[in-house]
Structures are given as C-alpha cells and as structure tokens.
Amino acid sequence: MIPAWHRPAPAVATAWPTGNEATDRTDLPDWRRFYRDPVMRHLVELALANNRDLRIAQHQVEAASAQFDIENAALFPTLNGGALANVQKEYARIWSLSETNGPFYMRQYAVGFGVSAYEVDLWGRIRSASQAAFDRYMADALNRENMQLSLIAAVASGMLTWVADNQAVLVTQQVLDSRQHTYNLVQQAAHTGTVTALDVAQAESALHDAETSLQIYTRQRAQALDQLTLLVGTPLDDATTRSLQTLTSLDAVTAFPNVPAGLPSDMIARRPDILSAEDVLRAANDDIGAARAEFFPKIQITAANGTASNNITRLFQSGMGAWNVAPQITVPLFDAGRLTAQLRVAKARKKEEIARYEKTIQTAFREVADALAGRDTYLKQRRAQDALIAANDRQYHLALARFRAGYDPYLTTLVAQRDLYTARLAGITTQLQTMENSVTLYKTLGGGWAGTTPPRPTASAAGHIL
C-alpha cells in the first residue's frame, strides 16, 4: 500500500556560483585533520564526550529505536501463558424445585498458553507503520550526526572568538600603556609651557577611552570563555586553560588546510541534515500506506491451548486437553469519512515534508554559496586591512615625531593613534571572520561526517528491514 518512492528533484542550481566550477574531486579531510590545532582538537574531544545537547540527541535516537521495536513487534503474535482457578458456590434450589438448602460448588481449573487478538497483516498496515518508525529512527540518528557537526564547528568558532577577544585585550592594554606614557609626557610639558591645557585634556580623554575599551574587551573575553565552557560541557582543567592562554593572537592558532576548490554541487546531498529530511519524507510516504490499508478488512485471531478440568488433581491427566480458536474479521462500513480524512492528512503531510526537504536543500546550497563567496573576498580584505594597518602605523610614528619636535599639536598625534588602534582591532575582526569562514565552509559541505549508516535498531524480530 506504500506509494512508490521517488526522491524530489532539488530546487537549486546545478552548479556553484561562478568561480567555483565543479570537478570530480569529492574528498574532504576528517575533522581531526582539518582542526589541526592541538588545543582546538582537545576542546572538540571534550565537547563530544560531555556536551549535554549531544547527549539529548543521543537519547532521542535511543527512544526512536525503541519506538521502532514497538511498531515492529506488532508483526508477530504475542504468546501469553496463564493459569485459571474458578470456584463458584451455588444452592440446589436455584436449579430445581427441591427444598434442599445445602450448597454445592462449581469448580474449573485450566493451564495453558494462547494468542490474543493477533492481527494478520494482509494489507501491510503494520508493515507500513513499522517502516515509518524505522525511517523516523534513521532521521533522528542523522539529526544527531548533524548536531555533532554543528557542535564541532561551534567549539572551533568559540575558541577562535576567545583568542580574538584575548588578542583585543592585549592590543588595548598596549594602547593604554602608550597613552599613559604619552599623558605623563604631556603633563610634564605643560609645566614647562610647551603644550596647552587643551593638549593635556585631550591626552587624558584618550587615556580614559583606552581604559573603557580594556574593560569592554575583558568582559567579552570572559563571556567567550563561559560560552566555550558551555559548549564543552565540563569545566576546563588547569592544563587546558594554560594551553588556551598561550594563544595570544589568532596567528598562534594552527591554520586550517584549504578546502579543495571545485567540489561538485551535488555533494551537499550527503549532508546529514538533508539525509534526515529525506528520511522524514520517506516516513510520511509510509504513513500513506498505513492509511490506505485501513480501508480493507482486518483479520484478528485469538487462540488458546492447554488443559482444563473441574478437579485440580486430574488437571494434567490424559484427555484433559482443551483448545479454542476464534478468528474475527471486521470490515469498515460507515465511519462518517474518518478513514478518508486520515488518508488526506497523510497525503498533505507528505506534501509538507516535500516542501521542507526542498527548503533544507536550498538552505544548504545558500550556506555553501555564502561560504565560497567569503573564501576569496575575506583573503583580499585581510591583505587590504594589513596594508591599512601598516600605513596607519607609519602615520602615527610620523605624527608622534612631529609632535615631539614641536611642529604639530598633540591632536594630530591623537587622531593618528586612534586610527591605528581602530585598524588593528578591525584587523583582528577580519582575521577572525576569515578563519570562521573556513570552519563554516567545511561544515556546510558536510565535512567531518564519515557518511556511514547510523546503527540499526536492536530488535531481532526486524528481519523484514534488517
């Protein structure tokens, strides 16, 4: 009764944006070879072992596996054993016109085993429900794999964010020390009358501005560590914290290998989130088969076999055998349109899952396209940013020299110093975005997932699927 399965055609372009033409290369490194920095790799391993969201996803997979076992068990009869002892007290006058008042006892004893209301699955209703439960289990298992991919990328980005904030703190501390030194020099020059009170006020304002920025970046660094600890799922030990603190700049983080250019556009179909959406769609297709089967007669069998006697001492003697078989057929005649409505619901939900599946592919394509667009532009932006920092550094030192020589007021030096500080912070941000884009590109292409089939449910009775 299950409709023939046809995978919907992806509603996306057949190639990546211009400049990323496809080749026959389909390889991506394992996550341990992509995240080569030892501190980052250690943090990822801690997260895989301790992250609570990942544990929740794993328990959801276990529950889906058990649900499949429940649905699949309905394909087989349930055999129950039992024993019966029934003693009933009666009076003779109930059965005759005699005036005898003495009681007598009716006894019945039985031991046996039997099957109760076993449905013969002629039309595949139970098989369809079992297949739907299996496909939903596979979807949950793939969701767990997708969560693991996202967790690995989030830990990598979280560590990069902490390092960037730590670098910003160190740069701001350097600026603060420089402005404190300059403020002291301006104060001394004010006593000799070589600078004005306005120069002193400007130097003091610049000093307090650096103090404010230092507290801002210190707070951001602490919050980044809190977020990283949450992702890891356990407090960082002293050794890990010391290793993290040695990373004083993003340059100290081991660089990521380049993701191969020209990867085929259809490789995103192997992403676990897309495979999961496909399995949910398969389950919706299976539900149609179960809804169709409801229109046909149901055959249920109740049977028992054992021994029975009115005397317990003769219960297991020869000739005391007893059995019964009670088949039952029920045919839906009138249900006020309930079965038809159930079938319409199943078909509508399949259409809903088709749209959701197509949207998942479209979203994945956009994510990869965005990351590919960022790969080249971020590298060019970094080169331009580095040139800007170098130019601002020369401007600042020239302005400082002219101020000390008495050619320019302090304001020229202050503006040059602020421009240099702003450019250095922007450089940190650009470098962080470049490295995070590498993480994003690797993740959106499905990197880090082996693509293996999730573990099968454990039910030994699942022969028709296993």
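Colleague: Is Arg 125 buried or exposed, or partly exposed?

Modeller: Arg 125 counts as partly exposed, because its relative accessibility is 22%. Buried means under 20% relative accessible area, exposed means over 50%, and partly exposed lies in between (1.4 Å probe, protein chains only). This is a predicted model, in which local features need pLDDT of at least 70 and side-chain atom pairs count only at pLDDT 80 or more, while totals for chains, interfaces and linings use all residues. Residues are numbered from 1 along each chain as its sequence is written, and side-chain values use heavy atoms, with hydrogens and water left out.

Colleague: Which residue forms a salt bridge with Arg 125?

Modeller: The partner is Glu 119, with the closest N and O atoms 2.8 Å apart. A salt bridge here is a side-chain nitrogen of Lys or Arg within 4 Å of a carboxyl oxygen of Asp or Glu. Glu 119 is buried, at a relative accessible area of 11%.

Colleague: How many salt bridges are there by this rule?

Modeller: The count comes to 16. One of the pairs is Glu 278 with Arg 7, whose closest N and O atoms are 2.9 Å apart. This pair links distant parts of the chain, 271 residues apart: Glu 278 is in helix α7 (residues 272-293), and Arg 7 is in the segment before α1 (31-34). Helices are DSSP runs (H or I, at least four residues), as are strands (E, at least two), numbered from the N terminus.

Colleague: And is Glu 278 buried or exposed?

Modeller: Glu 278 is buried, with a relative accessible area of 7%, whereas Arg 7 counts as exposed at 51%.
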